[in-house]
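The briefing after it is arranged by topic.

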Amino acid sequence: MSTAPTATPRVSALSSTAALGQRAMREAWRTPEALVPTLLIPLFFLVVNVGQAGKIFPGSTTPFLRGQTYAAFQLPASLLLAASFGSAALFLIEDIEGGYFDKLRAAPVSRTSIVLGRLMAEAVKGVGIGTAVVLLSLPFGVRIASGAGGFLLLVALTALWAVVYSAFLQLVALGTRSAAATQSGGLVFFPLLFLTPNFVPRDLLTRPMEIAATVNPVTYVMEAMRALILQDGAWARVGLGFAVVGALCVGMLALNVRAIRNYD
């Protein structure tokens, strides 16, 4: 009497996402030296930018600073820069080259879990990095005008942007399967950063720069962060920033899942 072959049970999406996320976190803990530039480079830019323009925009006479130092205006750029140093894509390249990624695709694990596992780890790292950068900026005279709740929202925006940018780099990794190309893809952030109201508010930019900043999604995340730091109650701008970064998260997740399904 023959029996039908038993189908391999499919691992639940939640448990597989958690397991892959824990694995990604262990990878990060094993390379703590990778976190050093994540903190030092954004703080370096903060110090340099404030040193260059701090006297031009004194807090007592510059309306858009609302009584704070220029460091408070520059802090969102440092947070976004710190969140754009994710290592998930490079670890993914290692998995591809070592054959683990092919084994993972052959396992009864949903493609969404494969993507979310690494991105969940990047979100956790983004929370830690965002908290550290904000705390290290306090000696520069920065204060969060929206209070403790605003601080939590500021860190959440940083973590969400870390997820977005890591997901973008994972797309580059899946498409090229090259560590060099993936690292080069990370440089895309610098044009995005400088095509924002990085040094002055949007209404003080020249018309071409204002148009470029308006179509740049990073602008709305940056302005939401500034609203939390400089104002208490600018919730419309904060909500717009969360809407933009949330839409980017969903879009990047969908593109990553599609890339893994079409991977061969």
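The model is a predicted one. It holds 2 cavities of 30 Å³ or more, while the largest pocket has a volume of about 460 Å³.

**Helix H2**

- Helix H2 spans residues 35-53, and its 19 residues reach 28 Å from the first C-alpha to the last, which is close to the 27 Å expected at 1.5 Å a residue.
- Its buried residues are Thr38, Pro42, Leu43, Leu46, Asn49 and Ala53; because they cover an arc of only 130° around the axis, they fall on the same side of H2.
- These buried residues of H2 pack against helix H3 (70-83) and helix H6 (111-137), whereas the face turned away from the buried side carries Leu40, Phe44, Gly51 and Gln52, which are exposed.

**Cavities**

- The largest cavity, with a volume of about 140 Å³, has a lining of 15 residues, and Leu92, Asp95, Leu104, Ile114 and Arg118 are those nearest its centre.
- At least two lining residues of the largest cavity come from each of helix H1 (13-30), helix H4 (88-98), helix H5 (100-106), H6, helix H7 (147-176) and helix H12 (235-261), and by class the lining has 10 nonpolar, 2 polar and 3 charged residues.
- The second largest cavity has a volume of about 50 Å³, and its lining includes Ala24, Glu27, Phe91, Arg118, Glu122 and Lys125.
- H1, H4 and H6 are the elements that give two or more residues to the lining of the second largest cavity, with the largest share, 4 residues, coming from H6; the lining has 5 nonpolar, 1 polar and 4 charged residues.

**Pockets**

- The largest pocket is lined by 27 residues, of which Ser84, Phe85, Gly86, Ser87 and Leu90 lie nearest its centre, and the elements that give two or more residues to this lining are H2, H3, H4, H6, H7, helix H8 (179-185) and helix H9 (189-194).
- H6 gives the most to the lining of the largest pocket, with 4 residues, and by class that lining has 16 nonpolar, 9 polar and 2 charged residues.
- The second largest pocket holds about 270 Å³ of space, and among its 14 lining residues the closest to the centre are Phe64, Phe73, Pro201, Gln231 and Arg237.
- Helix H11 (residues 217-230) supplies the largest share of the lining of the second largest pocket, 4 residues, and this lining divides into 7 nonpolar, 1 polar and 6 charged residues.

Methods: Residues are numbered from 1 along each chain as its sequence is written. This is a predicted model: local features need pLDDT of at least 70, side-chain atom pairs count only at pLDDT 80 or more; totals for chains, interfaces and linings use all residues. Side-chain values use heavy atoms; hydrogens and water are left out. The expected span of a helix is 1.5 Å times one less than its number of residues. Buried means under 20% relative accessible area, exposed over 50%, partly exposed in between (1.4 Å probe, protein chains only). The arc is that of the directions from the helix axis to the C-beta atoms. Contact means heavy atoms within 4.5 Å. On a 1 Å grid over the protein atoms alone, a cavity is a set of points where a 1.4 Å probe fits but cannot get out, and a pocket is an open set with protein on both sides within 12 Å along at least five of seven lines; lining residues have an atom within 4 Å of a point. Grid points are joined across faces, edges and corners, and a volume is the space filled by probe spheres set on the points. Ala, Val, Leu, Ile, Met, Phe, Trp, Tyr, Cys and Pro count as nonpolar, Asp, Glu, Lys and Arg as charged, and the others, Gly among them, as polar.
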